Amino acid sequence: MLRHSILLRPRRRALLAGAASALLAAPFWRRAQAQTSRGDVLRILCSGPAGSVPDTVARRVGEALAELDARTVVVDNRPGAAGQIAVNALKTAAPDGSTLLLAQGAIATIYPSLYARLAYDPAIDLQPVSLAGEMTLGIAVGPAVPGSVTNIRQLLVWMRQNPGLTNAGSPGTGTLPHLLEVMLFQEAGVAWEHVAYPGGPPALAGLLGGQIAVLVLPEGLLRPHRASGRLRLLATSGAQRSAFSPDVPTLVEQGHPKLVLREWFAFFLPGRTPPATSAATSQALRAAIAQPALVAAFGESAMVAASSSPAELVERIAAEQRVWAPLIRAAAIRAE
């Protein structure tokens with residue numbers, strides 16, 4: 001099992017533009033601390049490996065939390081099994097507010113319909129706390145695909161003409177990038193082989209090394225390598241073009257109007273956590289996510305900072321479950 005931990009110690013510099021948010025958040029955070037005897041260490045479990053988008057979110061928010069209340073934050077990476085390893089670690093954690101999970105929203109919205117045997121029950125084992133950030137997905141090709149392929153239509157033609165080369169990677173079976181590949185290639189009637197990686201960075205290495213032809217990842221992981229010319233970004237998955245890659249057409253523009261997806265990440269507490277602790281933690285997270293430095297840092301990764309109350313996140317999860325369940329059944333998508 002891969003594990004990677006990062007210790008984020010509080011920095012003593014002034015918060016400048018974020019001072020007002022810090023003052024508002026501190027009483028809620030201390031109230032949560034007063035309900036436990038866990039000390040001054042917060043552990044953030046992360047569903048992605050070091051260098052992945054979830055890892056970036058966890059570390060940035062952890063730094064902001066540490067600054068708000070002079071608290072030590074440890075980021076504990078638990079990648080693999082489409083987030084289930086990280087969720088299982090959360091299940092065994094004390095429900096006292098000392099352990100958070102940062103993961104893709106799919107762990108609560110998609111996986112209950114996707115997996116025949118899921119190692120957790122999101123309604124029991126996960127307590128939604130706050131959104132963290134949102135971003136569009138990008139569909140990219142690397143050196144395994146001829147340079148003449150510059151859009152989705154040309155990619156699908158090439159895949160039909162080269163059935164032995166048509167593999168596509170994702171950061172894990174059942175992740176949103178994997179499902180986008182399934183929906184795109186099924187809609188187009190293209191045969192392909194899925195290659196699952198334990199996170200975005202190793203999948204990206206596979207694309208750049210020519211081991212896979214196509215890769216879907218959050219846009220922020222693809223942009224630096226697009227700028228260097230090592231990959232081509234053929235499409236993004238939003239309803240409109242991404243502000244971070246405005247010259248790249250969407251899937252909608254390229255003839256796939258149903259393929260509008262946004263990856264989002266959120267914080268969860270263990271399911272048995274008292275509501276007061278959850279509310280206090282959510283208040284602290286919302287103040288941290290509103291920090292101007294964090295918003296700017298997220299933008300560098302092509303991500304939009306976003307937060308919510310626990311109730312708002314519960315409502316969003318329920319709404320997306322109602323959308324994904326029939327789509328997954330209709331497409332006969334299953335994961336083990």
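## Overview of the predicted model

The protein has 13 helices and eleven strands, where helices (H or I, at least four residues) and strands (E, at least two) are DSSP runs numbered from the N terminus. This is a predicted model, in which local features need pLDDT of at least 70 and side-chain atom pairs count only at pLDDT 80 or more, while totals for chains, interfaces and linings use all residues. Residues are numbered from 1 along each chain as its sequence is written, and side-chain values use heavy atoms, with hydrogens and water left out.

Of the 336 residues of the protein, 56% count as buried, a term that stands for under 20% relative accessible area, with exposed over 50% and partly exposed in between (1.4 Å probe, protein chains only). Among contacts (heavy atoms within 4.5 Å) with a separation of 6 or more, 78% join residues 24 or more positions apart.

### Nonpolar cores

A nonpolar core is a set of buried Ala, Val, Leu, Ile, Met, Phe, Trp, Tyr and Cys residues joined through side-chain atoms within 4.5 Å. The table sets out two of them.

| Core | Size | Residues |
|---|---|---|
| Largest nonpolar core | 57 residues | Most contacts inside it: Leu101, Ile107, Ile110, Tyr111, Leu114 and Phe268 |

To the largest core, helix α8 (residues 176-188) gives the most, with eight residues. Ile110, leaving aside its neighbours within four places in sequence, is in contact with Gly174, Leu176, Leu179, Trp324 and Ile328.

### Helix packing

The axes of helix α2 (residues 53-69) and helix α11 (residues 275-289) come within 9 Å and cross at roughly 105°, and the two helices are therefore roughly perpendicular to each other, the label for angles of 65 to 115 degrees. Their contact is made by Val61, Ala64, Leu65 and Leu68 of α2 together with Ala284, Leu285, Ala287, Ala288 and Ile289 of α11.

In helix α9 (residues 200-208), the buried residues are Gly200, Ala203, Leu204, Gly206, Leu207 and Leu208, and these pack against β5 (126-141), β6 (167-170), β8 (214-218) and α10 (219-227). After α9 comes Gly210, whose phi is positive, near 85°.

### A loop residue with positive phi

Ala302 lies in the loop between α12 (292-300) and β11 (304-305). The phi of Ala302 is near 60°, a positive value in a residue other than glycine, and Ala302 is buried, with a relative accessible area of 2%.

How values were computed:
Axes fitted to C-alpha atoms, helices over the stretch in contact; angles between N-to-C directions. Parallel < 35°, antiparallel > 145°, perpendicular 65-115°, else oblique.
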